[in-house]
Amino acid sequence: MSGRFRHAMPYGAELQGDGRTRFRLWAPDAAQVRLELEPGGVHPMRALDDGWHECLCEAPAGTRYRYCAGNRLRVPDPASRLQEAGDVHGASVVVDPGAYTWRHPGWRGRPWHEAVVYELHVGACGGFRGVRTMLPDLHALGVTVIELMPIAQFPGRRNWGYDGVLPFAPAAAYGTPDELKALVDTAHGLGLMVMLDVVYNHFGPDGNYLGAYASPFFRTDGPGTPWGAAIDVALPQVGDFFVHNALYWLEEYRFDGLRLDAVHALHNPAWLLALAARVRAAAAGRQVHLVLENEANQAHLLGPRRFDAQWNDDFHNALHVLLTGETAGYYGAYADDPAGRLARCLAEGFAWQGEPMRGKPRGEPSGRLSPLCFVDFLQNHDQVGNRALGERLTVLVDPKRLDAAYALLLLTPSVPMLFMGEEWGSRRPFLFFTDHQNEQLRTAVREGRRKEFAEFEGHGKQDVPDPNAPSTFERSVPDPGEAASPEGLARLTLVRLLLAQRRRHLLPRLEQARPLGARAIGTHALQAHWQLGDARLHVYCNLGDRPAAVDAKATPDARWLHGEASAIAALAEGRLEPACTLVFLEPSA
C-alpha cells in the first residue's frame, strides 16, 4: 500500500503533478475574480457556471496566493491547506499533500466498543510535537482514542479552536501539516485512534470573508446561532464544502473519526445523515467513527451507518449536581431528581426523551440504542472552561466521592471520556482563552465574558480572567508534575486500575451490552444493571455522605471489579456505604 495520501478537493489549490496548480473558488457575488501569486503575478480566473471561478497556472508547492474578488478585496482561500505565518488575513500556501510518507499506511482503525477517549487542547499540550510525546503514556494508561479540540486556523496564537475561519488549514501556531501527520502516524503505530473536533455550525468573528463574495453561504431566514450567521448547509455548494472537509481530515490526515460541534445549531438533521452516508461510503475498509454534540438529543441520528455516538451532557449534568450541589443555570433542570435522571441515562441514554425541559420538549426516545451510542464524562473543555474561573472537579469535590464517580464512569458500558490532566486529578484551571488581534473584539469578548458570569455565578467583574491575556492561557496548561504528588499518584493509580478492569472484563462483552434497568436509591445513590453476553454487570453507586439502604446480594460466583472489602460486606447487609461504587459481574443463569 502507498504511504502517501491526499484528498482530491474540487476547489482550493490542487497540484496537477506537472508544476501547475488548479485554483478554484466559489464566489457567486463576484463578476470577476483574479488570482494573485507570490511570486507569479496576477492571473484572471475563468468564470464557470453557478458562481465558480478557475485558473490553471504554474505554481509549485510553497507558492503563496490570494484571491482578489471584486473591488480590491484580497482574501485567503477558504479551502486553504496552510496560511503563511498563521495569518487569517494573509496569503494561503500551496501544499503538496503527498510530501509526507506514512510509516503505518496499513492502519485500519479499531472498533468503537474499544473506545476510551482522551480530550485535549493541542496548544496547551505543546503543539503537534508536544502531543506526540504524550502518546506512549496515554497508551500505557489505557486510553485508545485521542480527541483533539479544533485545530482549524484561527486569529492569533491562542484559541480554544471554535473561532476558526479556515477549516482546511491546521493552525500554524501548533506546527506544520507534516507534524500533524506525524502525530497521527505515531498514534497509529501505538494502536491509538485519533479523532478531530470540527466546527460546521459557524465561523469565528475575525477573518471570515465568505459573506463578502459568497453571501448565499449564510442563511438570511430561519433560526440563527449564538455565534453569528447560520450556515446554509442545505445549499449544495455549502453542504459539499463541509462534506469535503470531513473527507479531507479522514483521508489526507488519516484521522480515525470526527466529533461534530453543536450540530443542533445547523437545524438540518437530513444533511447530517447525508454527510454520515458519504463518509461511510468513502471510508470503506476502515473503521471510521462519527460523534455528535447535539443539545436536541436526536436519537434517530445515532446507530449503525449513522453516527456512532453523542456526547451525553445529561449524564454529566446530573452527575455534576449530585457531586457539587450546584443548581445555577442549566443545572437547575436536573436539581429535582439528579439521581433519578442519572439512572435514566445509565438505562436509556438520554434523561430527556421528548419531555418538556424548561417549557419546551427536548429529545427523542433513546432506550432502543446501544449504551455505546453515548459518550459519558465527568469533565470536558466546555464543562470546565465555561465556568468563570475554570475550576476542575478536583477543587470542588472531596477525593473519595470523586473516586466513586470515576468508578461509575469507567466501569459502565457507555464510552468513557477523560479531559487532559484528569487522570492525575489536575487542580489547574482550564480557562477560556483567545488572542484576538482586533482591540474592539478583544474588549467585546472580555466584557461579554465578565457580564455573563456576573449574572450567572455572582462573580465580580474583576474575578473573571481576561480571555486575551497570555496569563489566562498559561494558567490553563496542564502540569504533569502534579502527577508525582501523593494525591496525583493515587488518582493515576485508580484510573489505570479501572481502565485495566474495563479492558479485561467489560471490553470482550461490550458489543452485546443491553440495559436491564436502573433506579435511584434515595437522593444520592443508584443501582444499574446490564446484560453483557454471558454475564450480568451490576453497579451500585452512592455519591452521598450517608449510607443508603439497598436490597442486593451478590452470588458466590460473582467477580468483583471494584469495591473495598468493608463496603462489599456492608452491601450483603443491605447497606450501601457513602462515597462508594461497587461493581461486579455474575454469570448469566
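The questions and answers below concern a predicted model of a single chain.

Residues are numbered from 1 along each chain as its sequence is written. In this predicted model local features need pLDDT of at least 70 and side-chain atom pairs count only at pLDDT 80 or more, while totals for chains, interfaces and linings use all residues, and side-chain values use heavy atoms, with hydrogens and water left out.

User: How many helices and strands does the chain have?
Analyst: Helices (H or I, at least four residues) and strands (E, at least two) are DSSP runs, numbered from the N terminus. On that basis the secondary structure comes to 13 helices and 28 strands.

User: What radius of gyration does the chain have, and what would a compact globule have?
Analyst: The radius is taken over C-alpha atoms, and the globule rule is 2.2 Å times the number of residues to the power 0.38. The C-alpha atoms fill a box of roughly 85 × 55 × 45 Å along the principal axes. For 589 residues the rule gives a radius near 25 Å, and the chain agrees with it at 25 Å.

User: What percentage of the residues in the chain is buried?
Analyst: Buried means under 20% relative accessible area, exposed over 50%, and partly exposed in between (1.4 Å probe, protein chains only). Of the 589 residues, the buried share is 60%.

User: What share of the accessible surface belongs to carbon and sulfur atoms?
Analyst: Accessible areas come from the Shrake-Rupley method with a 1.4 Å probe; for residues, only the protein chains shown count as cover. The surface of the chain comes to about 22200 Å², and the carbon and sulfur part of that is 51%.

User: Among contacts between residues at least 6 apart in sequence, what share joins residues at least 24 apart?
Analyst: Contact means heavy atoms within 4.5 Å. Of the contacts in the chain that pass the limit of at least 6, those joining residues at least 24 apart make up 71%.

User: How far apart are the mean positions of the positive and negative charges?
Analyst: Lys and Arg count as positive and Asp and Glu as negative, with His and the chain ends not counted. Each charge is placed at NZ of Lys, CZ of Arg, CG of Asp or CD of Glu. For the 60 positive and 69 negative charges, the mean positions are separated by 3 Å.

User: Which cysteine has the sulfur nearest to that of cysteine 541?
Analyst: Cysteine 541 is in no disulfide, and the nearest cysteine sulfur is 7.9 Å away. Cysteine 541 is itself buried, with 1% relative accessibility.

User: Which peptide bond is cis, and what is its omega?
Analyst: Proline 39 lies in the loop between β3 (33–38) and β4 (41–44). The cis bond joins glutamate 38 to proline 39, with omega about -5°.

User: Is alanine 85 buried or exposed?
Analyst: Alanine 85 sits in the loop between β8 (74–75) and β9 (92–93). Although not a glycine, alanine 85 has a positive phi of about 60°. Its relative accessible area is 76%, so alanine 85 is exposed.

User: Is alanine 262 buried or exposed?
Analyst: Alanine 262 also has a positive phi, of about 40°, without being a glycine. The residue is in the loop between β15 (257–260) and α5 (269–282). With 3% relative accessibility, alanine 262 is buried.

User: Which residues does glycine 109 touch, not counting those up to four places away in sequence?
Analyst: Glycine 109 is in the loop between β9 and β10 (117–120). Its relative accessible area of 19% makes glycine 109 buried. With residues up to four places away left out, glycine 109 touches Asp256 and Gln287.

Note on methods:
A disulfide is a pair of cysteine sulfur atoms within 2.5 Å.
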